[in-house]
Amino acid sequence: MRLGVLDVGSNTVHLLVVDAHRGGHPHPMHSEKAQLRLAEHVEAGRLSAAGADGLVRAVARAKVAAINAGCEELLAFATSALRDANNSAAVLSRVRTETGVALQVLSGEDEARYTFLAVRRWCGWSAGRLLVLDIGGGSLELAAGFDEDPDVALSVPLGAGRLTRQRLTDDPPARRDLDALAADLDAALTPIARQLRQAGPYDLAAGTSKTFRSLAQLAGAAPPSAGLRAPRTLTDVGLHQVFGFISRMTSADLASLDGVSPGRAHQLVAGALVADAAMRALKVSELQICPWALREGAILHRLDTLGVPTPRQRPWPLTDRHPATRHQLRTATKLSPPTPSQR
């Protein structure tokens, strides 16, 4: 079947279309992004009218693209930007009314769990006990375990975009601000690392996200042209070397570097600080870079549950196994042609 997954993140609205079947490898067929920077439209705890307008337009365009690509279903979810907005319920209702897409807000814990599932499938059982780090725009997800469902899954509000807006306001960042943020990250991640280590020692540490991929490429890892399966790693030594020069560059200069997305260049320094603090707290000297993350995890989980009868099907049954997460989520959005207003 052909599935679409729509990921509304802090920076982008990303549609990924894959061909897949239960137990099989999902093959990417189409991908498109809209640079929305939704988190920057959250003001005083509320998503602004301009931000909501942009979101509706982006979701409507993505739905049309998914239909044109032949998708049978669309898994549509949002992460930290809408998680943080206290008017998210009203925004989600408007999105559904105007586009027909039931956009769901994932908890940080489930975000970590889906990402962990994707990394486990990519790395395989031979990887042993996994430790997975994912730096997003609004949050940092961490998970560890031996099975496909991690023993520990955590999310903390230490995303690269959030920290840039709150703590690194100069361009390039002032040295005093960098030092202060590094110290605060060490303090915040020490108890998190302790909790993860209590789950047991890891055999492989993996990093996934555009931030880790960019940092790894700047440190000498293979570029995208080498292919998805080219091995890529990021070492603590390489990260320190990269930080030494990117911390003195303006965002405009960073955007000109190979491997750095212009839309994310301004938050790369904060992302490097988060990566360094997390690796240090967890005593990780090397990360394997995994190309699969949250979107692939959502697709894999959907494929795993095809044909599984439940009284009330939901696309995210992980929340059922973890009652602390209270989102009432429904089955994947069945695609129907858009109305003229949605076009």
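Which residues in H8 meet which residues in H10?

Author: This is a predicted model, in which local features need pLDDT of at least 70, side-chain atom pairs count only at pLDDT 80 or more, and totals for chains, interfaces and linings use all residues. Residues are numbered from 1 along each chain as its sequence is written, and side-chain values use heavy atoms, with hydrogens and water left out.

From H8, Asp 236, Leu 239, His 240, Phe 243 and Ile 246 meet Leu 268, Val 269, Ala 272, Leu 273, Ala 275, Asp 276 and Met 279 of H10; contact means heavy atoms within 4.5 Å. Helices here are DSSP runs (H or I, at least four residues), numbered from the N terminus. By class, the residues of this contact are nine nonpolar, one polar and two charged. Ala, Val, Leu, Ile, Met, Phe, Trp, Tyr, Cys and Pro count as nonpolar, Asp, Glu, Lys and Arg as charged, and the others, Gly among them, as polar.

H8 covers residues 236-246 and H10 residues 268-281; their axes lie 10 Å apart at an angle of about 150°. Axes are lines fitted to C-alpha atoms, for helices over the stretch in contact, and angles run from 0 to 180 degrees between N-to-C directions. The two helices are therefore roughly antiparallel (an angle over 145 degrees).

How values were computed
Angles under 35 degrees count as roughly parallel, over 145 as roughly antiparallel, 65 to 115 as roughly perpendicular and the rest as oblique.
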